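Open the model in your viewer and keep the selection tool at hand. The tour goes from sheets to a helix, then to single residues.

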Amino acid sequence: MTRSVYFFGNGTADGTREMKSLLGGKGANLAEMTNLGVPVPPGFTIAADQCVAYLEHGGISDTLRSEVEAALVRLETVSGKRFGDPANPLLVSVRSGAAVSMPGMMETILNLGLNDETVEGLAAASGNARFAFDSYRRFVQMYADVVLGVNIHRFEQLLATKRLTTGVSSDAELSAEALRTLVTEYQQLVRAATGADFPSDPQVQLWGAIEAVWKSWTLKKAVDYRKVNGIPHTLGTGVNIVSMVFGNRGSDSGTGVAFTRDPSTGERRFYGEFLVNAQGEDVVAGIRTPLHIDEMATQLPGAYEALLETQGRLERHFRDMQDIEFTVERGTLYLLQTRTGKRTTAAALRIALDMVEEGLISEREAVLRLQPNQLDQLLHRVIASTSQATPIAVGLPASPGAASGVAVFDPDVAERRHHQGEQVILVREETTPEDFHGIVAARAVLTARGGMTSHAAVVARGMGKCAIVGCTAMDILSDQRSMRVGEVVVTEGDWLTLDGGTGRVFLGDLPTQPSEVMRVINGLQPASEAPTYRGFATLMGWADTHRRLKVRANADTPRDARVARNFGAEGIGLCRTEHMFFEGDRITAMREMIVARDEGGRRRALEKLLPMQRTDFEGIFEAMDGHPVTIRLLDPPLHEFLPHGGEESSLLAASLNLSRPELSRIVSALRETNPMLGHRGCRLGIVYPEITEMQARAIFEAAVRACRRGIEVLPEIMVPLVSDVTEFRHQRAIIERAADQVMGVMGERVPYLVGTMIELPRAALTADEIAAEADFFSFGTNDLTQTTFGLSRDDAGRFLPQYVEGGIFPDDPFQVLDAKGVGKLVTWAVRDGRETKPSLKVGICGEHGGEPRSVAFCHTVGLDYVSCSPFRVPVARLAAAHAALHD
């Protein structure tokens, strides 16, 4: 028969630290500490699977009740006390403990087993009536709050009144008689609130508490915590029933929480707080102002020495920084919990490196100690820790960092005010490629619509700019150049501050601070004065030695390419040429090409664009000297480059020698019902081959010019939106003709590759045919996800959160690669492509290329590289190392 209850006490335990998934972290570590000889009060743990069973089916089995009863008898024997005995009562704490630590998210009840009879026995046995009734009033308050649902603030009001009427300033000064009266008042409050007496039977109390701990797994705060931290909802929590030890027995007793190292900085120093004559909730709930742990050496010197020795032993045993809870009863130390301590990313980095130097862990383990997504904290500006502002709205945290600026609601205004030296935040209903210049000018982007891979999100991440999208609480009033959030109205010129790491939007200009890592990368601080940067560089170097996947960047300009190289990118996996067309005179030439009446007119306009593209490509080749550069040919539909009314349309018509009605007819003719599935990508190059020809010429001319300057150039030309091998064959022929022409005239050959994006299901399913013609594949998983699911990534943000919330989808497929569906297409395409061409290079350039779980999938299916926005390159490097180390 499978057991469900595991005992620990008297130096031996039924469990070990390896049983964390069964017992939860707290239960497994209590067992481990017991086996180590650490002073732990005896108790037992109910396995986490019983929580899952209870929440799924309800009710408690007779088998479990029998096991708990037997464990209680064993606990009575070890402790020398009896549960419910009026003369010598055994009191217990009932605490949660999941396999993954969730501090403060679930419930705890202390002093369980007290009633009007056992409290008198506790008073007599301890010789301290004040201590007994202090414990009783705490128990009634906690139990009524957690189990019976009586608001805890009502008890706090009675407690405050009691302090006032008795003339004392703190709870610790209340007399035994005052506390006895307070317990009666608490019981009367419970009766009035629930219509029933407070339960006096310890067995009823115990099972009520156990069920409350199980139910706390479903509390909103616990569910939200799991979502944010990626913890499975299916784990359930263990329940730990532990014999009480009392820190509130007088001046020789106390309680505290401590870390074996500083959780903020990682400094190797014992760090914590404690209180004399108190129980644990007094420290963690801020009921009293705690003392620094160093003062314990004076007030409880013997226990302090024992604590120092124990914390060092625990850290050496668990080989990680520990977060410990302890109680001192009558001068004797007891450990109530140890767990891996939460820490900032900077602290995690320092601790990992220090522990390698101390010989506690290996370099491999150090790499695994930092989670890839934690690195964002090291790279982006953050709101200064001194700020106490309250957000006016919360959206999706699309691109991390913090930025302040004046709100503007038009990209042209953003650009103009930026050139006037102002800091601006671009606020839009949603953005399109036409807004690109406004995004370039803005410190950050805020949109009311869109998801995590919307245009605003993708572009902002690629540029390392803060962005919050899908902020549905905002009502954008573009004609009034303002927005409304509830009763708050923000007009153009009002200051906003965005926290892209949390999605919070604040009024005003809040102070921000750059990260140390970014100051070094941008040349603002020498590495010799930046220990966090040096640690970051060291850890990333170790990660690079373990990973197999290469990491490239999605970069569209020479500046982006240089940033990517500074972050360790090993090439460019996606250069989106259309973004080069939105700046300055380029958009005018692009529009001339689009509205031209014939091929001759298009070619004349394209001749204006060619030198502009060539200059950009040459700058990117220079920044990526010796590393491959994958350049995607023009992808978006042409209507995105044209204005859709207003003064800009009138000005454009005049500049192009067109009447306003003529321009309107051209724009209307280009408009499509579903442009993402329309005339775009290679389809443009097939209908207008001169576009492909111009771009290929610009690439090869830039490549030869860069080569002549001693730069090693490795161009890879990528044809987008291929659904059939014939489309690819058509475009490749144009590219090869341009290459032969340019290199023949310039008298120098440059090696190059021609490949395609696999972003349509049909392309994945016919990968064997396409691989016969292509030199490489790059999976465009943004569009592949759209076309596989039949979802618009911009519009699905309206309902996808409900899908994830309701468990219909495990994750937003635009954030985490869908391994079952989209991933199967990727797997098939890799397998079939390499069966046709074993040398086929395969990578990914969608937004998933910087998401850790998606990177792990790419490692598993054998991709050669991932590509992501420059600021995600370190995340991808670390994720690739984790994937290899876990393989």
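Two strands count as paired if DSSP finds at least two bridges between them. Keep that cut-off in mind for the sheets. One caution before you start: this is a predicted model.

**Stop 1: the eight-stranded sheet**

Select strands E13, E23, E22, E15, E16, E17, E18 and E14, in that order. These eight strands form an open sheet, and its pairing is mixed. Which strands are at the edge? Strand E13 (393-394) and strand E14 (396-399) are, each pairing on one side only. Now zoom in on E14 and strand E18 (residues 466-469). They run antiparallel and are joined by three bridges. Pick out Pro397; the residue opposite is Ile468 in E18. As background, strands of a sheet pair through backbone hydrogen bonds, either parallel or antiparallel.

**Stop 2: the five-stranded sheet**

Next, select E9, E8, E7, E10 and E11. In that order they make an open sheet of five strands with antiparallel pairing. Focus on strand E8 (residues 271-276). E8 and E9 run antiparallel and are joined by two bridges. Glu273 has His292, in E9, as its bridge partner.

**Stop 3: Glu329**

Stay with this sheet and select Glu329. It belongs to strand E10 (residues 322-329). Is Glu329 buried or exposed? Its relative accessibility is 13%, and buried means under 20%, so Glu329 counts as buried. Show its side chain. A polar atom there lies 3.4 Å from the backbone nitrogen of Phe246. Then display the surroundings. Not counting residues up to four places away in sequence, Glu329 touches Val245, Phe246, Arg249, Asp252, Ser253 and Tyr334.

**Stop 4: helix H5**

Select residues 129-146, which form helix H5. Now colour H5 by accessibility. Of its 18 residues, 16 are buried, so H5 is largely enclosed by the rest of the structure. Move to the start of H5. There, a side-chain oxygen of Asn128 comes within 3.2 Å of the backbone nitrogen of Arg130.

**Stop 5: Leu549**

Jump to Leu549, in the loop between helix H20 (531-546) and strand E25 (550-554). With 1% relative accessibility, Leu549 counts as buried. What is Leu549 in contact with, leaving aside neighbours within four places in sequence? The partners are Val855, Cys858, His859, Leu863, Asp864, Tyr865, Val866 and Ala880. For a separate distance check, pick the C-alpha atoms of Leu549 and Thr788. They are separated by 25 Å, and the residues are 239 apart along the chain.

**Last stop: the whole protein**

Clear the selection and zoom out. The protein has 35 helices and 32 strands. Its radius of gyration is 32 Å, close to the 29 Å that the globule rule gives for 887 residues, so the protein is as compact as a globular protein of that length. Along the principal axes, the C-alpha atoms fill a box of roughly 105 × 60 × 55 Å. Buried residues account for 57% of the 887. Take contacts between residues at least 6 apart in sequence: 68% of them join residues at least 24 apart. The accessible area is about 34,900 Å², and 49% of it belongs to carbon and sulfur atoms.

Technical notes. Residues are numbered from 1 along each chain as its sequence is written. This is a predicted model: local features need pLDDT of at least 70, side-chain atom pairs count only at pLDDT 80 or more; totals for chains, interfaces and linings use all residues. Side-chain values use heavy atoms; hydrogens and water are left out. Helices (H or I, at least four residues) and strands (E, at least two) are DSSP runs, numbered from the N terminus. Buried means under 20% relative accessible area, exposed over 50%, partly exposed in between (1.4 Å probe, protein chains only). A polar contact is a pair of N or O atoms within 3.5 Å; within protein, one must be able to donate a hydrogen and the other to accept it, and residues adjacent in sequence count only if both atoms are side-chain atoms. Contact means heavy atoms within 4.5 Å. The expected span of a helix is 1.5 Å times one less than its number of residues. The radius of gyration is taken over C-alpha atoms; the globule rule is 2.2 Å times the number of residues to the power 0.38. Accessible areas come from the Shrake-Rupley method with a 1.4 Å probe; for residues, only the protein chains shown count as cover.
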